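Hi there,

Here is the structure I promised to pass on.

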Amino acid sequence: MALLHRPGRPAPTGRPRRLARTAAALAATLALLPPLVAAGGASAQEVPAADVDVHVNTQAALGRLSDTARGVNTAVWDSHMNDPEVAALMKTADVGAMRYPGGSYADIYHWETHTAPGGYVAPGTGFDAFMGTVRATGAQPILIANYGSGTPEEAAGWVRYANVTKNYGAKYWEIGNEIYGNGHYGSGWEHDDHADKSPREYARQVRAYAAAMKAVDPTVKIGAVLTAPGNWPDGITGEGDPGDWNHTVLSQVTDVIDFVTVHWYAGGSDTSADTAMSRLTRLPGELREVRAQIDRYAGADSPRIGIALTEINTNTGGAQLTARPNGLFAADAFMTALENGVFNVDWWNTHNGPGAITTVDGETDYGDMGMLASGSCTGDVCQPAPNTPFHPYYGMKMTGELGTAGDTMVAAASSAQDLSAHAVHRRDGRLSVLLINKNPDAARTVDLAYAGFSPSAAAPGVSRYARGDNDITDVTDSGASASRVTVPPYGMITVTLTPKSGTGPGASAAGIPGTPRLEAVTDTTARLSWTGTTGAARYLVRERDGAHTYLVGETTGTSVTLRNLPPGSTHTVNVLAADSAGRLAAPSDPLTFTTGTPADAACTVDYHRDTSWGNGFVATVSVRNLSDTPITGWTVDWDWPTDGQSVSSGWNATFHQSGRHVRVTAPENAGPLAPDGASTASFGFVGANDGPNPDPTVFRLNGTVCAGG
């Protein structure tokens, strides 16, 4: 985050941060699958009737937790960043990554002299001191090489000092912070001395930095800066640029980078806690779009390139930052991001400094984006003693109760909008479920049901963070059972269950298959392959729909072709290995793919975004009839990929939208579409997007699926 101020001073205002930001064989197979279980269990006391249903499916893996999953930002202007209490607190919360030297400061900071011309550097915050805190925490550093006022040679020197001279083993290196904020698009908060501030120049420099740094240590991982889809300046094309920031950068660097970084802040002018937590529903779509962009330019190499969310917070109107709602947001945000394909999430910030003072949920909110108090004051209102944890710290810490590195995140779905559910299947066979009640006024009683997991009769372990708790609290004797638990208002509960003896992946002689790969895809088929595993008699391919899965393929080999898929449809699948007794091992990591359109279609549709501005765009659509007969009175239909996309107004046609579906009808005076592509019908519209803005995947002319133009 671009905060160029001393801790203790209110953050500067007025800058545009985050303007943003598938039949007998099938029946036999299904018979082998563990049933959907609504598990019972003795409870110590009566629990109210349930008003929320949560379904957890351990056969739908969302990915493994990395050793850098939970992270925090640290900043050289923070005089408390290396206090011994910081390392102790972060270690307790299972923090695995610490980012340095601090957002926008990275682009003015010179590591060797420990200076930041134009900014403030606190005593005792140098690189070696920082690495002392990292090592005491048991974490890894994520380092930001100075792009704005540095050089590839300076960055290479830092790699040499860190990994050759000092043997720190610093693995992750970002090239600059928020370089798209260098003024190229009209707003500038990020320092950048390059005469050419375009994404083309940034991409060229990323290649130079990567070459210089990997010449010193070939094992380092290089990260390039992207903007979050749907957040400024996504979609904006600068003068002379071939495309917007992300497309221009990715088109030139995917062969030399190892990960990309994005920043995400809930944003908005409404300061209510509900706003931030509701806006979190946009994040999965935005992260899917980042992966789609990487897929487009990296192709088969895409899985090698990771996504790191190196800054996240609410930042809705500047308030609700240290209060309990932001603790709920922190827990929900960390898990939402990790479940949607990122390997690292870093909270902004460790300490930050107070801002506007408000009262939230009966407590003082210090307007501070830090996890820990800095002890500073706004006027005559002072924070608690330095390193006193704020609610976001406990939100992050609660995710540590859910799982650690190597554990598998699995699908969980809640029937209530104000109760979030996340689940992790642990390596030792236990299942943990995190329930977050975002309702400030009412407790929610949850019925828990499971697929792929059979709980034992033992009482579950229960951890809580709610009003009245000063830390994560063990409430195993609270009356919660494997099938029902009550979550207090504005509270969080983690329930950890042990598996019934002889059940679960641990009872299978098969191992975990490799992540499936997309070998070939057409409009109706997809060929998948994967690395086999020991003990496997056969493999099942299951598609996920929310927290439910269904069988779409089965084989004794390590590849399968899925057929009869709808054109332009998106699918997420896992592979599970069954041993000779039919017992299923844990699922592979997921693969998401989208089918294409028919190459021999009787029509083509060319969809082109002419211009974009973050939350709006102008598009032109051109239609051709390739059949041998003319078409009079045409309609064109498509479905938007996300809920936030819409048509605002248009021309040369009549537009109607219902939900995500759009139908465009030819104007009354339109002539026929000539056969064999001899004529073209074109129309345009102004669209709006609240979040990511991916192109539609399939168009139909009078109900017939068309090829892309």
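Two strands pair if DSSP finds at least two bridges between them; strands (E, at least two residues) and helices (H or I, at least four) are DSSP runs numbered from the N terminus. This is a predicted model, in which local features need pLDDT of at least 70 and side-chain atom pairs count only at pLDDT 80 or more, while totals for chains, interfaces and linings use all residues. Residues are numbered from 1 along each chain as its sequence is written, and side-chain values use heavy atoms, with hydrogens and water left out.

Let me start with strand S9 (residues 344-347). Strand S8 (residues 306-313) pairs with S9 in the parallel sense over 3 bridges, and Leu309 stands opposite Val345 of S9. Strand S2 (residues 70-73) also pairs with S9 in the parallel sense, over 3 bridges; here Gly71 has Asp346 as its bridge partner. S9 is covered on both faces: Asn344 and Asp346 on one side, and Val345 and Trp347 on the other, are all buried (under 20% relative accessible area with a 1.4 Å probe, protein chains only; exposed is over 50%, partly exposed in between).

Thr261 lies in strand S7 (residues 259-265) and is buried, with a relative accessible area of 1%. Beyond its neighbours within four places in sequence, Thr261 is in contact (heavy atoms within 4.5 Å) with Glu174, Ala224, Val225, Leu226, Ala308 and Thr310.

Next, the nonpolar core, meaning a set of buried Ala, Val, Leu, Ile, Met, Phe, Trp, Tyr and Cys residues joined through side-chain atoms within 4.5 Å. The largest one has 110 residues, of which Trp173 and Tyr202 touch the most other members. Helix H9 (residues 324-339) gives the largest share of this core, 9 residues. Again leaving aside neighbours within four places in sequence, the contacts of Tyr202 include Tyr147, Ile175, Trp245 and Val249.

Finally, there is an open sheet of 5 strands, in the order S33-S34-S31-S36-S37, with antiparallel pairing. Its edge strands, S33 (654-658) and S37 (704-705), each pair on one side only. S33 runs antiparallel to strand S34 (residues 661-665), joined by 5 bridges, and Gln657 stands opposite Val662 in S34.

Happy to talk any of this through.

Best wishes
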